[in-house]
Amino acid sequence: MKKYVCEVCGYVYDPEKGDPENGVKPGTPFEALPDNWTCPVCGAGKDMFEEED
């Protein structure tokens, strides 16, 4: 699964880890995150993330 990087703070969303502190289970692809999910570090929206090279 592809990782995504927050353009604001550099946080990397890793689908294999998910974001358990915010209710996102491991194995959740970025595309399946709720539209209101935000970066757990800086609060940026999903639209501020880019696919990691």
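Mentor: Let's take the sheet, the cysteines, the core and the charged residues in turn.

Mentor: Before that, some ground rules: this is a predicted model, where local features need pLDDT of at least 70, side-chain atom pairs count only at pLDDT 80 or more, and totals for chains, interfaces and linings use all residues. Residues are numbered from 1 along each chain as its sequence is written, and side-chain values use heavy atoms, with hydrogens and water left out.

Trainee: What makes E1 and E2 a pair of strands?

Mentor: Strands are DSSP runs of E, at least two residues long, numbered from the N terminus. Two of them pair if DSSP finds at least two bridges between them. Strand E1 (residues 4-6) and E2 have 2 bridges, in the antiparallel sense, so they meet that rule. Tyr4, for instance, has Tyr13 in E2 as its bridge partner.

Trainee: Which strands are called edge strands?

Mentor: The sheet is open, with 3 strands in the order E2-E1-E3 and antiparallel pairing. E2 (12-13) and E3 (49-51) each pair on one side only, which makes them the edges.

Trainee: How do you know that the number of disulfides is what the search says?

Mentor: A disulfide is a covalent bond between the sulfur atoms of two cysteines. The test here is a pair of cysteine sulfur atoms within 2.5 Å, and searching the whole structure gives 0. The closest cysteine sulfur to that of Cys6 belongs to Cys42, at 3.7 Å, so it is too far for a bond. Cys39 is in no disulfide either, with the sulfur of Cys9 nearest at 3.7 Å.

Trainee: Why is Cys39 called buried?

Mentor: Buried means under 20% relative accessible area, exposed means over 50%, and partly exposed is in between (1.4 Å probe, protein chains only). Cys39 has 3% relative accessibility, so it counts as buried. Cys6, at 2%, counts as buried too. Gly43, in the loop between E2 and E3, has 41% and therefore counts as partly exposed.

Trainee: What makes up the largest nonpolar core?

Mentor: Such a core is a set of buried Ala, Val, Leu, Ile, Met, Phe, Trp, Tyr and Cys residues joined through side-chain atoms within 4.5 Å. The largest one has 11 residues, including Cys6, Cys39, Trp37 and Phe49. Contact means heavy atoms within 4.5 Å, and beyond its neighbours within four places in sequence, Cys39 is in contact with Cys6, Cys9, Tyr11, Ala44 and Phe49.

Trainee: Why is Lys2 with Glu51 called a salt bridge?

Mentor: The rule asks for a side-chain nitrogen of Lys or Arg within 4 Å of a carboxyl oxygen of Asp or Glu. The closest N and O atoms of Lys2 and Glu51 are 3.7 Å apart, so the pair passes. Lys2 lies in the segment before E1 and Glu51 in strand E3, so the pair ties together parts that are 49 residues apart in sequence.

Trainee: How many salt bridges come out by this rule?

Mentor: The count is 2. Lys3 and Asp14 also make one, at 3.8 Å between the closest N and O atoms. With 34% relative accessibility, Lys3 counts as partly exposed, whereas Asp14, at 11%, counts as buried.

Methods:
Helix = DSSP H or I, 4+ residues; strand = E, 2+ residues; numbered from the N terminus.
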